[in-house]
Amino acid sequence: MLDDGYRVALLGRHRDTLEATADEHPRALVAPADVSDAAAVDDAFGQIEGAWGRVDVLFNNAGMFPPAAHVDELDPADWNAAVAVNLTGVMLCSAAAMRIMKRQRPQGGRFINNGSISAHVPRPLAAAYTATKHAVSGLTKSLELDGRAFGITCGQIDIGNAATHITDDFGTDAGALQPNGSRLVEPTFPVEDAARAVLFMANVPASATVNSLVITASGMPFIGRG
């Protein structure tokens with residue numbers, strides 16, 4: 001998005017990694033925040049509005065995986081942590097951005113929520129993660145409806161097996177756990193392709209909205225029976 005001419009604010013818990021991502025780009029703003037902390041989110045968006053006066057696109061990308069577990073063995077603290085980041089974080093950032101989008105002139109803006117293919121079908125031992133991603137799908141629709149009167153749109157991108165540290169084991173001999181208990185080496189695709197998909201959603205003219213986009217590694221066990 002920086003390469004495409006956007007001014008980009010980077011929110012996350014760790015200033016050092018944010019600064020490494022920003023790489024001293026003149027149009028990048030580092031605003032450390034835990035997205036599950038309402039006061040921290042409000043402070044970060046206050047910095048953004050103070051610096052640039054408006055918010056045009058919000059990409060809700062923060063997420064975490066709790067430890068794999070059967071639901072009867074799931075630590076409630078792990079459940080609450082997943083809900084706090086994966087769902088409440090989306091709500092808090094969207095609320096902060098919507099307040100700015102409503103009062104800025106010209107009014108309006110766009111939300112893009114990072115869901116997951118788990119918003120469609122779960123992986124084994126992932127009840128907390130799956131539940132939060134299904135909830136994000138509902139929140140996406142509610143944001144789209146609630147924003148209409150103010151020129152604010154909302155869409156969701158659901159990604160399957162982009163090559164990041166999260167999918168490191170999928171392409172190794174360890175493989176990814178399958179519903180039948182086996183492990184399967186699954187294909188991945190470059191995360192840069194997912195980023196380009198997000199940029200496409202951001203750049204669609206205000207007269208149109210990409211409500212839902214699913215992008216997966218070709219051949220991964222998502223469509224059909226594997």
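Since the model is predicted, local features need pLDDT of at least 70 and side-chain atom pairs count only at pLDDT 80 or more, while totals for chains, interfaces and linings use all residues. Numbering runs from 1 along each chain as its sequence is written, and side-chain values use heavy atoms, with hydrogens and water left out.

Let's start with charges. How many salt bridges does the structure hold? Seven, where a salt bridge is a side-chain nitrogen of Lys or Arg within 4 Å of a carboxyl oxygen of Asp or Glu. I'll walk you through some of them.

Take Asp-42 and Arg-99, with their closest N and O atoms 3.1 Å apart. This pair links distant parts of the chain: Asp-42 sits in helix H2 (residues 38-52) and Arg-99 in helix H3 (residues 76-103), 57 residues apart. When I say helix or strand, I mean DSSP runs numbered from the N terminus: H or I with at least four residues for helices, E with at least two for strands. Asp-42 is partly exposed at a relative accessible area of 40%, and Arg-99 is partly exposed too, at 42%. On those words: buried is under 20% relative accessible area, exposed is over 50%, and partly exposed is in between, using a 1.4 Å probe and protein chains only.

Next up, Arg-123 and Glu-186, whose closest N and O atoms are 2.7 Å apart. Here again the pair links distant parts of the chain, 63 residues apart: Arg-123 is in the loop between strand S4 (109-114) and helix H4 (127-147), and Glu-186 is in the loop between strand S8 (183-184) and strand S9 (189-190). Is Glu-186 buried or exposed? Buried, at 3% relative accessibility, whereas Arg-123 counts as partly exposed at 25%.

Then there's a local one. Arg-196 pairs with Asp-193 at 2.3 Å between the closest N and O atoms. Both lie in helix H5 (residues 191-203), three residues apart, about one turn of the helix. An α-helix has 3.6 residues a turn, so residues three or four places apart point the same way. Arg-196 is exposed at 52%, and Asp-193 is partly exposed at 28%.

Arg-54 is in the loop between H2 and strand S3 (57-60), and at 19% relative accessibility it counts as buried. What does the Arg-54 side chain join by a polar contact of 2.9 Å? The side chain of Asp-56. A polar contact here is a pair of N or O atoms within 3.5 Å; within protein, one must be able to donate a hydrogen and the other to accept it, and residues adjacent in sequence count only if both atoms are side-chain atoms. A polar atom of the Arg-54 side chain also lies 3.4 Å from the backbone oxygen of Arg-105. And Arg-105 is joined to Pro-106 by a cis peptide bond, omega about 0 degrees, with Pro-106 in the loop between H3 and S4.

While we're by H3: the helix has 28 residues and reaches 39 Å from first C-alpha to last, close to the 40 Å expected at 1.5 Å a residue, the expected span being 1.5 Å times one less than the number of residues. There's still a kink of about 40 degrees centred on Thr-88, the bend being the angle between axes fitted to the seven residues ending there and the seven starting there. Asp-75 caps the N-terminal end, with a side-chain oxygen 2.8 Å from the backbone nitrogen of Ala-77.

On to the greasy bits. A nonpolar core is a set of buried Ala, Val, Leu, Ile, Met, Phe, Trp, Tyr and Cys residues joined through side-chain atoms within 4.5 Å. The largest has 27 residues, and among those touching the most other members are Ile-112, Phe-189 and Met-201. Its largest share, six residues, comes from H5. A second, separate core of 22 residues includes Leu-29, Cys-93, Ile-100 and Ile-152.

Asp-23, in the loop between H1 and S2, has a positive phi of about 50 degrees although it is not a glycine. Leu-125, in the loop between S4 and H4, also has a positive phi, near 60 degrees. That's my lot, thanks.
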